[in-house]
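Keep the structure open beside the text as you read.

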Amino acid sequence: MARYLIGMTGASGAAYGVDLVKRCPGEKYLVLSDWARQVMHSETGLKPSDLEPFVKRVFADSDLAAPFASGSNRYDALVIVPCSVSTLAKIAVGIADTLITRAAQVALKERMRMVLCVRETPLSSIALENALKLSREGVVIMPISPPWYHDPKSLTELLSGFTNKVLALLGEESGPGWREAELE
Ligand SMILES: Cc1cc2nc3c(=O)[nH]c(=O)nc-3n(C[C@H](O)[C@H](O)[C@H](O)COP(=O)(O)O)c2cc1C
């Protein structure tokens with residue numbers, strides 16, 4: 001079974017993080033930054049405890065002694081969704097003052113998979129340079145940009161179109177691809 005560490009930060013779009021937490025299979029651990037907690041509550045009405053049933057454990061972002069602060073506890077991927085440009089910047093310059101940013105530094109040094117679902121628009125040159133720097137390190141920069149080609153009929157379907165793309169990247173079961181039936 002795959003093991004995933006999911007980080008949620010204080011960018012808008014908490015619902016994307018919630019959808020991944022609910023739908024991603026495997027052994028999941030969750031960390032929410034302080035601002036993720038506030039934004040998630042204002043955008044979805046949810047509290048971190050509402051997500052506990054979907055994960056093995058929730059860690060505090062202030063807990064720099066948590067298992068994933070060390071490279072000795074490996075996982076298949078760290079996915080930060082939504083990822084603020086502040087967290088993007090910290091990761092790009094090597095700041096590790098929270099569990100999410102420390103785990104990201106560990107993922108970089110240990111060459112573990114990392115996916116950053118950045119949410120900001122427009123993007124400054126600074127954010128673009130940070131994203132490029134990390135992309136060159138092998139990090140997947142995955143702006144929250146939901147596809148429309150699956151003809152979503154509801155917000156839930158719109159959300160799940162993006163989550164499906166994250167799941168596909170992780171190698172997990174996701175929705176059908178574009179005109180996939182024609183491959184048969
Ligand atoms: C309602 C709300 C929406 C926000 N949306 C975004 C956003 O879309 N992108 C972003 O980078 N920051 C956004 N922010 C700002 C971040 O929350 C802020 O920069 C914070 O310091 C990020 O810290 P964190 O990355 O540790 O969660 C938003 C803040 C609030 C209160």
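**Around the ligand**

An oxygen atom of the ligand sits 2.8 Å from a polar backbone atom of Val85. That pair is a polar contact, meaning two N or O atoms within 3.5 Å; within protein, one must be able to donate a hydrogen and the other to accept it, and residues adjacent in sequence count only if both atoms are side-chain atoms. Before going on, please note that this is a predicted model, in which local features need pLDDT of at least 70, side-chain atom pairs count only at pLDDT 80 or more, and totals for chains, interfaces and linings use all residues. Residues are numbered from 1 along each chain as its sequence is written, and side-chain values use heavy atoms, with hydrogens and water left out.

A polar backbone atom of Gly10 lies 2.7 Å from an oxygen atom of the ligand, and for a polar backbone atom of Ser12 the distance to a ligand oxygen is 3.0 Å. Taken alone, the ligand exposes 640 Å², and the protein buries 67% of that. These accessible areas come from the Shrake-Rupley method with a 1.4 Å probe; for residues, only the protein chains shown count as cover.

Which elements give two or more residues to the shell around the ligand? They are helix 2 (34-44) and helix 4 (85-93). Helices here are DSSP runs of H or I with at least four residues, strands are runs of E with at least two, and both are numbered from the N terminus. Helix 4 gives the most to the shell, with three residues. In total, 13 residues surround the ligand, and the closest are Gly10, Ser33, Ser84, Thr87 and Arg119. By class, the shell has four nonpolar, seven polar and two charged residues. Here Ala, Val, Leu, Ile, Met, Phe, Trp, Tyr, Cys and Pro count as nonpolar, Asp, Glu, Lys and Arg as charged, and the others, Gly among them, as polar.

Val85 and Glu120 are 35 residues apart in sequence, yet 6.9 Å apart in space, C-alpha to C-alpha.

Six strands form an open sheet in the order 3-2-1-4-5-6, with parallel pairing. Strand 3 (57-60) and strand 6 stand at the edges, each with a single partner strand, so one side of each is left without a neighbour in the sheet. Two strands pair if DSSP finds at least two bridges between them. Strand 1 (residues 3-8) and strand 2 (residues 27-32), for instance, are joined in the parallel sense over six bridges, with Ile6 having Leu30 of strand 2 as its bridge partner.

Five bridges join strand 4 (residues 77-83) to strand 5, and the two run parallel; Val79 has Val115 in strand 5 as its bridge partner. Strand 5 is also joined to strand 6 (residues 140-141), again in parallel, by two bridges, and Val115 stands opposite Val140 there. Five of the six residues of strand 5 (residues 113-118) are buried, so this strand is largely enclosed by the rest of the structure.

A cis peptide bond joins Val81 and Pro82, with omega about -5°, and Pro82 has its place in strand 4. Another cis peptide bond joins Thr121 and Pro122, with omega about -10°; Pro122 is found in the loop between strand 5 and helix 6.

Just after helix 5, Arg111 takes a positive phi of about 60°, although it is not a glycine. Is Arg111 buried or exposed? At 64% relative accessibility, Arg111 counts as exposed.

Methods:
Near = heavy atom within 4 Å. Buried < 20%, exposed > 50% of the residue type's maximum accessible area, 1.4 Å probe, protein only.
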